[in-house]
Amino acid sequence: MSGSRAAWWRRLLSDPAGVTGVVIVLALLAVAALATFWTPYDPQTADVAGRWAGPGAAHLLGTDATGRDILSILMAGSRTTVAVAIGAGVIATTVGLSLAALGALTHRWVRESVAVLIDMLVAFPVLLIAMMISAVWGGSLAVVVWSVGIGFGVNIARVSRPELRRVLHSDFVVAARASGLSGWQNLTRHLLPNVAPVFIVQLSWSMAVAVLAEAGLSYLGFGAPVTDPSWGVLLSQLQQYLTVYPLSVLWPGLAITATVLGFNLLGDGLRDATDPTLRTRGGSARRARTHLPEVVA
Amino acid sequence: MSLEVTDLVIEIDGVRVVDGLSFRVADGERLGIIGESGSGKSLTALAILGLLPEGAAASGSILLNDREVIGATERELARIRGDEVGIVFQEPQTALNPIRTVGRQIAEAPRIHRGLGRAARREVAVAGARRVGLPEPERIIDRYPHQLSGGQRQRVAIAMALALDPGLLIADEPTTALDVTIQAEILDLLRALVTDAGMSLVFITHDLAVLAQIATHAVVMESGRIVEQGPVATLLTAPRSPATQGLLRDARATLWRPDEKEER
């Protein structure tokens, strides 16, 4: 009982995939933090004489068509990525958990209506709507963050609601009430922790998709303005020269891929770590899910 | 603690599933409620703690030491639950939270009702685990339910229910899901704990043979009504109602089957 809080950290760090996720996400956060006050060069300063420099000591990842340092743009762009991922994550969590709670814990009529509402909202094509809004009122990161946040919040609600219902009806929740726990104590100690594995996977996935959506929409011109440092904008600028300087396109592409992978690995690792019935030690987590007959008392 | 149930009616979506139940458990008495499944025994147990599921409503009177349960606020009920009345459920597989260590679950009621700190909770958990005969109490409290056997889990559930020495313990078919040998161990354990502490007990079962081992008095339920009540010895030797006679036949069948095989 003492170590249960520290134990999930240990479990996360004993899982190679989980560690990779932690390292990637921490690296992203560190780079974004660093970029707020230092980049090797000013990411917006053009240097026509130094255009298309290859990777080297002066410019680690080379320069682009206007001589801007690609590493500096990537670093500056990571701030956008982090802001979008966190923003969308916070909105998705708020929307998702509120809808799930409304749809699971309230009076029968309310929760059935919320369930229908969730099913209807899930049918909306989030990215398409984001594009339409951007096309009419102009693109901005806020549109990306809000649309992905709300869209994935609904997804989270859709998956978490039945899970919450299931846990609510389980014997141990009744047993916990029989121990004298109030509804709120039950929610924070028994309901939410048991929904957490499902929720975490959904949340990490929505943060990864938020990063992808920002890059994609910015690439198409619906997201960040071209003047803002963004991986998607950089990708769209560099891909015009794909046949001449293919290496340059690799960097923003790699950054986006690694970030999406990092969020997903972190999510999977956290899911396995928060569920003690999935023991990774000495075997795969999936296999451990099938319960073997235990030692008799 | 004494329990007095008078004219208890439980309706689920307008259907009467318990119909005018009245019985009394004196302080320190061990009462059995016996009946076929669907006779309303478990709902009666839940009603005593005000834990009826959504859509179910109870009326009548349930007095715990002269305090009325029916119509009590959630806050008043929360104060009684776990502190003055403990409950053990049928299914040890699902009665424990899979993602909390058993120690935290044993110490849950003390934490809620007494506000015990971390170290004190650990002591309570170890003492509770030792009291119900779990092996290596200091170590087992850090394990998760899936690492325990069914019998051990039921011991944990009993330790949870008894953590604060409630005056009344409700046991809802606590041995039904267990192997026969484990059943006997758990029954012995329950009887010893309850008699040592002078607790009142409401023991729910469908098995007269089990009932005979633990209860002194019993009420026999059928379709939500009491069809017979009295000392267990009388029910066993001179059952009057057809329901009791049927239960007795079932119990005899399980008891005598091995001998019949030998004779063949």
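Strand β9 (residues 217–222) of chain B and strand β10 (residues 225–231) of chain B run antiparallel and are joined by 6 bridges. Two strands count as paired if DSSP finds at least two bridges between them; helices (H or I, at least four residues) and strands (E, at least two) are DSSP runs, numbered from the N terminus. This is a predicted model, in which local features need pLDDT of at least 70 and side-chain atom pairs count only at pLDDT 80 or more, while totals for chains, interfaces and linings use all residues. Residues are numbered from 1 along each chain as its sequence is written, and chains are lettered from A and ligands numbered from 1 in the order in which they are written.

**The β9–β10 hairpin of chain B**
- β9(B) and β10(B) form a hairpin with 2 residues between them.
- In the turn, B:S223 has a positive phi of about 45°.
- B:H217 has B:P231 as its bridge partner in β10(B).

**Positive phi in two loops of chain B**
- B:D165 is not a glycine, yet has a positive phi of about 50°.
- B:D165 lies in the loop between α7 and β7 (168–172) of chain B.
- Because 13 other C-beta atoms lie within 10 Å, B:D165 is partly exposed; a residue is buried at 20 or more such atoms within 10 Å of its own C-beta, exposed at 12 or fewer, and partly exposed in between, with C-beta atoms placed from the backbone.
- B:E173, also not a glycine, has a positive phi of about 50°.
- The loop between β7 and α8 (180–197) of chain B holds B:E173.
- B:E173 counts as buried because it has 20 C-beta neighbours inside 10 Å.

**Contact between chains A and B**
- The contact takes 27 residues from chain A and 35 residues from chain B; two residues are in contact if their C-beta atoms, placed from the backbone, lie within 7 Å.
- On the side of chain B that touches chain A, at least two residues each come from α2 (74–80), α3 (102–106), α4 (108–114), α5 (118–131) and α7 (150–162) of chain B.
- α4(B) gives the most to that side, with 4 residues.
- The residues of that side of chain B divide into 17 nonpolar (Ala, Val, Leu, Ile, Met, Phe, Trp, Tyr, Cys and Pro), 8 charged (Asp, Glu, Lys and Arg) and 10 polar (the others, Gly among them).

**Confidence in chain A**
- Chain A has a mean pLDDT of 84, and 91% of its residues reach 70 or more; pLDDT is the predictor's confidence in each residue, from 0 to 100.
- Within chain A, confidence is highest in helix α2 (residues 16–35), at a mean of 93, and lowest in helix α11 (residues 285–289), at 39.
- Over residues 280–297 of chain A, pLDDT stays under 50, and the model has 20 contacts beyond four places in sequence for them.
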